[in-house]
Amino acid sequence: MLAVATMFGSGLCNQTGAAVGALAFPVLGPVGVVATRQYVAALALLAVGRPRPRSFTWRQWWPVLLLAAVFGTMNLSLYTAVDRIGLGLAVTLEFLGPLAVALAGSRRRLDAGCALLAAAGVVVLMRPRPSADYAGMALGLVAACCWAAYILLNRVVGRRVPGVQGSAAAATLSALAFLPVGLVVAVRHPPTAGAVLCAVAAGVLSSAVPYLADLLTLRRVPAQTFGLFMSVNPVLAAVVGWVILGQDLGAPEWTAITAVVAANALSIATTRG
């Protein structure tokens, strides 16, 4: 029960953080919010991982560098998509990344059916209509590709770098890359105290809290159960987007979100450990 509550709380914190960060978009823009989130994530991971970069070999460095680039690109594309198409749809499209990783290489007919179900959901989301923002949807798909790469690179980094030193080093490099970006945003758009507070809250709720919660959860529950529970994230994003940001979704959008969530849940639930 405690593990379930922790997983639910982690997902809720993640999506709430994204929604709170979106409140700062009018002042800082998605770039400014992402920059602040990267700083907070780096501080949290540095405190936990305590990396020793001088001891890294090139074989360890190159996946860390790629992970840093993917980490920043993933958050920037996601938050820009949130700004254009809303939290629920952006997170649903981003969720195609881990779903693709889960289905890749599978030869089961059931998984092929799950892939088709998810694809049908995407078709519904991206159907032609006057209000469609295809640039925002494309950014959501970029975030999905980045999340898939993030998962694969984390596996490599985890095998080559002890503990969470690799993830901490990658987060730090990503934050350093965003330092000049943050300075430019601050000069062009002087931040207000409220906007900065929202951006920092986004970093804490969407980076620090979920990361630490997931570390604790993965020690208590099987990876399969953890992956299955992650399926609720698009639903949580849609609900949080509605409650905090007033982003209401129609029946087609809810149908599409349900299709993507069901595809992931069905695939993981029927996978033999």
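Modeller: Let us begin with the lining of the largest cavity, which by class has six nonpolar residues, one polar residue and no charged residues. Please keep in mind throughout that this is a predicted model.

Colleague: Okay, and how many cavities of 30 Å³ or more does the structure hold?

Modeller: The structure holds one cavity of 30 Å³ or more, and the volume of the largest cavity is about 40 Å³.

Colleague: Which residues line the largest cavity?

Modeller: Its lining is made up of Leu45, Leu67, Phe71, Tyr150, Ser167, Ala170 and Ala171. Two elements, helix H3 (58-85) and H8, each give two or more residues to that lining, and the largest share, three residues, comes from H8.

Colleague: How does one find such spaces in general?

Modeller: Rolling a probe the size of a water molecule over the atoms shows where empty space is left.

Colleague: What about pockets, then: what volume does the second largest pocket have?

Modeller: The second largest pocket has a volume of about 160 Å³. Helix H2 (25-49) and helix H8 (165-188) each supply at least two residues of its lining, and the residues lining this pocket include Leu28, Tyr39, Leu179, Ala186 and Pro191.

Colleague: And which classes of residue are in the lining of that second largest pocket?

Modeller: By class, the lining of the second largest pocket has nine nonpolar residues and three polar ones, with no charged residues.

Colleague: Changing topic to packing, how many residues does the largest nonpolar core have?

Modeller: The largest nonpolar core has 66 residues, and those with the most contacts inside it are Leu78, Tyr79, Val82, Leu87, Leu93, Leu96 and Leu99. The largest share of this core, eleven residues, comes from H3.

Colleague: Take Leu78, then. What is it in contact with, leaving aside its neighbours within four places in sequence?

Modeller: With those neighbours set aside, Leu78 is in contact with Ala90, Val91, Glu94 and Ala143.

Colleague: You listed Leu96 and Leu99 as well; which helix has them among its buried residues?

Modeller: That is H5, whose buried residues are Leu96, Gly97, Pro98, Leu99, Val101 and Leu103. Helix H5 (residues 96-103) is largely enclosed by the rest of the structure, because six of its eight residues are buried.

Colleague: What covers the buried residues of H5, and what follows that helix?

Modeller: The cover over the buried residues of H5 includes helix H4 (87-94), helix H6 (109-125), helix H7 (134-160) and H12. After H5 comes Gly105, whose phi is positive, near 85°.

Colleague: What about Gln15, is it buried or exposed?

Modeller: Gln15, which is found in helix H1 (residues 2-22), has a relative accessible area of 5%, so it counts as buried. Not counting residues up to four places away in sequence, Gln15 touches Leu87, Val91, Asn233, Leu236, Ala237 and Val240.

Colleague: Last topic, charges. Why would two charged side chains pair up at all?

Modeller: Side chains of opposite charge can pair when their charged atoms come close. The structure holds three salt bridges. In one of them, Arg84 pairs with Asp133, and the closest N and O atoms are 3.1 Å apart. This pair links distant parts of the chain, with Arg84 in helix H3 and Asp133 in the loop between H6 and H7, 49 residues apart.

Colleague: Are Arg84 and Asp133 buried or partly exposed?

Modeller: Arg84 is partly exposed, with a relative accessible area of 43%, whereas Asp133 is buried, with a relative accessible area of 19%. Buried here means under 20%, so the value for Asp133 falls within that class.

Colleague: And which residues form the other salt bridges?

Modeller: Glu253 forms a salt bridge with Arg127, where the closest N and O atoms are 3.1 Å apart. That pair also links distant parts of the chain, since Glu253 is in helix H12 and Arg127 is in the loop between H6 and H7, 126 residues apart. Glu253 is buried, with a relative accessible area of 10%, while Arg127 counts as partly exposed at 26% relative accessibility. Asp111 forms a salt bridge with Arg108, the closest N and O atoms being 2.8 Å apart; Asp111 is buried at a relative accessible area of 6%, and Arg108 is partly exposed at 30%.

How values were computed: Residues numbered from 1 in each chain as written. Predicted model: local features only at pLDDT ≥ 70, side-chain atom pairs only at ≥ 80, totals over all residues. Heavy atoms only, no water. 1 Å grid on protein atoms, 1.4 Å probe; cavity = no way out; pocket = protein on both sides within 12 Å on 5 of 7 lines; lining within 4 Å. Points joined across faces, edges and corners; volume = space filled by probe spheres on them. Helix = DSSP H or I, 4+ residues; strand = E, 2+ residues; numbered from the N terminus. Nonpolar A, V, L, I, M, F, W, Y, C, P; charged D, E, K, R; others polar. Core = buried A, V, L, I, M, F, W, Y, C linked by side-chain atoms within 4.5 Å. Buried < 20%, exposed > 50% of the residue type's maximum accessible area, 1.4 Å probe, protein only. Contact = heavy atoms within 4.5 Å. Salt bridge = Lys/Arg side-chain N within 4 Å of Asp/Glu carboxyl O.
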